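Here is a short note to read beside the model. Please keep the sequence and the 3D view open while going through the points.

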Amino acid sequence: MKKVTKMMKIVMIILIVLIVILLAIFINHRIQLKKEEALRTPLGELVEVDGHKMSVYVKGNGNKTIVFMSGGGTCSPILDFKSLYSILSDNYKIVVVEKFGYGFSDVVDKKRDIASILKDTRTALAEADVQGPYILCPHSMSGIEALYWAQQYPGEVEAIIGLDMAVPKAYEDYKINMPMLKISQFAARVGILRMMPGVSESDAMKYGTLSDAEKDIYRAVFYEKIVTTTMLNEVAAIKENAEIVQANGVPQVPMLLFVSNGNGTGWSEEEWRGYQESYSENVENSKLIILDCPHYIHDYEYKKISEEIVLFIEDTLET
C-alpha cells in the first residue's frame with residue numbers, strides 16, 4: 001500500500017511539473033505573439049468574404065494574370081511564392097490569394113468542401129477587382145481546386161501551371177492521420193512548436209530570396225497560423241473533394257506541370273511522378289517538366305520555373 005501511495009505522489013508531482021512547464025511555455029508564447037504583432041501587418045489587401053477578411057496580394061500590370069494558390073498548411077503563401085513571382089511580376093500581373101486560415105486571412109471554422117473553397121477565392125478576387133481570365137498556378141493540394149475551377153468555369157481559366165500540384169488520383173489511398181494533426185495543433189496553440197529549433201525555417205526562408213526582414217515576418221505568421229482549424233477542416237475534406245474532381249473528368253485547358261522528386265509529398269518519387277504523368281497524358285495541350293528537387297519547387301528552382309513559364313505563355317497563350 002505504501003508503494004502505491006508513493007507511486008501516486010510521484011505521478012502527481014510529475015503532472016504538476018508538466019502543467020507548470022506547459023503554462024510557462026503558453027505564457028511565453030502569448031507574450032511573443034504580442035511582440036510580433038507589428039510584423040503581422042498585412043502585406044496585401046484585406047477584402048471581405050462571407051463576413052470575414054481574406055488577404056489578396058497583387059503585383060505587376062501585365063496583360064496576363066497569374067493567380068498563385070498555396071498548398072495545404074503553407075502558413076504564409078505571399079512570402080512562400082515571392083522568389084518566383086518577383087521575377088514574373090515584371091511581365092505579368094501576379095496575384096496571391098490567401099485562403100481562410102492562411103497568411104493574413106482570418107481563421108474560420110467552416111466546411112471546406114471544394115465548392116465553398118472556390119467560391120471564397122473567386123469572391124476575394126472580385127472584391128479586389130482582379131478580373132479574369134486567369135492563369136492558375138497551384139502548388140500541391142490546391143491543384144484540386146484549380147482543376148475544379150477549370151471544370152466549373154472554363155471561361156475564367158486560361159491555363160493551369162502546376163507547381164508540383166496534386167491530382168485526384170493521389171488521394172484515392174491517402175490516409176489522413178487526424179489525431180496526429182490535432183496533437184500538432186495543440187502543440188502550436190500552447191507554444192510548444194516555438195521551443196523546437198528551426199521548426200519555422202521554411203524552404204522559402206532557407207532556399208529562396210527572402211530578405212532578413214521578410215524572414216522575420218514569415219516566422220511571425222508561422223507561429224500564429226500553423227495548423228489552424230481551417231487548415232484541418234481542409235485536410236479532412238480533401239479525399240471527398242478529390243473524388244468530386246475525379247468524377248468531373250479532365251478539364252481541357254493548356255497545362256504546364258512542374259514535378260518534383262517527391263521528397264516532402266508523402267509519396268515515393270515513382271508514385272508521385274506517376275500521378276502527374278498519367279494525368280498529363282489525358283490533357284490535349286500539356287507539357288510536363290521533371291525537376292530534381294523537393295516538393296516546394298518554387299523555392300528551389302524559381303529561376304528555371306520562371307523561364308519555362310514565360311516560354312509557355314508566349315508559345316501557348318500569346319500566339
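Which residues lie nearest the centre of the largest pocket?

1. Gly72, Gly73, Thr74, Gly264 and Tyr296 do, out of 40 lining residues. A pocket here is an open set of points on a 1 Å grid over the protein atoms alone, where a 1.4 Å probe fits, with protein on both sides within 12 Å along at least five of seven lines; lining residues have an atom within 4 Å of a point.

2. A word on the source. This is a predicted model; local features need pLDDT of at least 70, side-chain atom pairs count only at pLDDT 80 or more, and totals for chains, interfaces and linings use all residues. Residues are numbered from 1 along each chain as its sequence is written, and side-chain values use heavy atoms, with hydrogens and water left out.

3. Back to the largest pocket. Its volume is about 950 Å³, meaning the space filled by probe spheres set on the points, which are joined across faces, edges and corners. Helices α6 (178-190), α8 (212-225) and α9 (229-247) are the elements that each give two or more residues to the lining. The largest share, 4 residues, comes from α9. Helices are DSSP runs of H or I, at least four residues long, numbered from the N terminus.

4. The lining of the largest pocket holds 21 nonpolar, 14 polar and 5 charged residues. Nonpolar covers Ala, Val, Leu, Ile, Met, Phe, Trp, Tyr, Cys and Pro; charged covers Asp, Glu, Lys and Arg; the others, Gly among them, are polar.

5. The second largest pocket has a volume of about 280 Å³. Its lining has 15 residues, with Arg30, Arg189, Tyr223, Glu224 and Lys225 nearest the centre. Elements giving two or more residues to this lining are α1 (2-35), α6 and α8. By class, the lining splits into 6 nonpolar, 4 polar and 5 charged.

6. Now α5 (residues 142-152). Of its 11 residues, 10 are buried, so the helix is largely enclosed by the rest of the structure. Buried means under 20% relative accessible area, exposed over 50%, partly exposed in between (1.4 Å probe, protein chains only). Among the buried residues are Glu145, Tyr148 and Trp149.

7. Helix α4 has a buried side. Its buried residues are Ile114, Ile117, Leu118, Asp120, Thr121, Ala124 and Leu125. The face turned away carries exposed Lys119 and Ala126. Just after α4, aspartate 129 takes a positive phi of about 60°.
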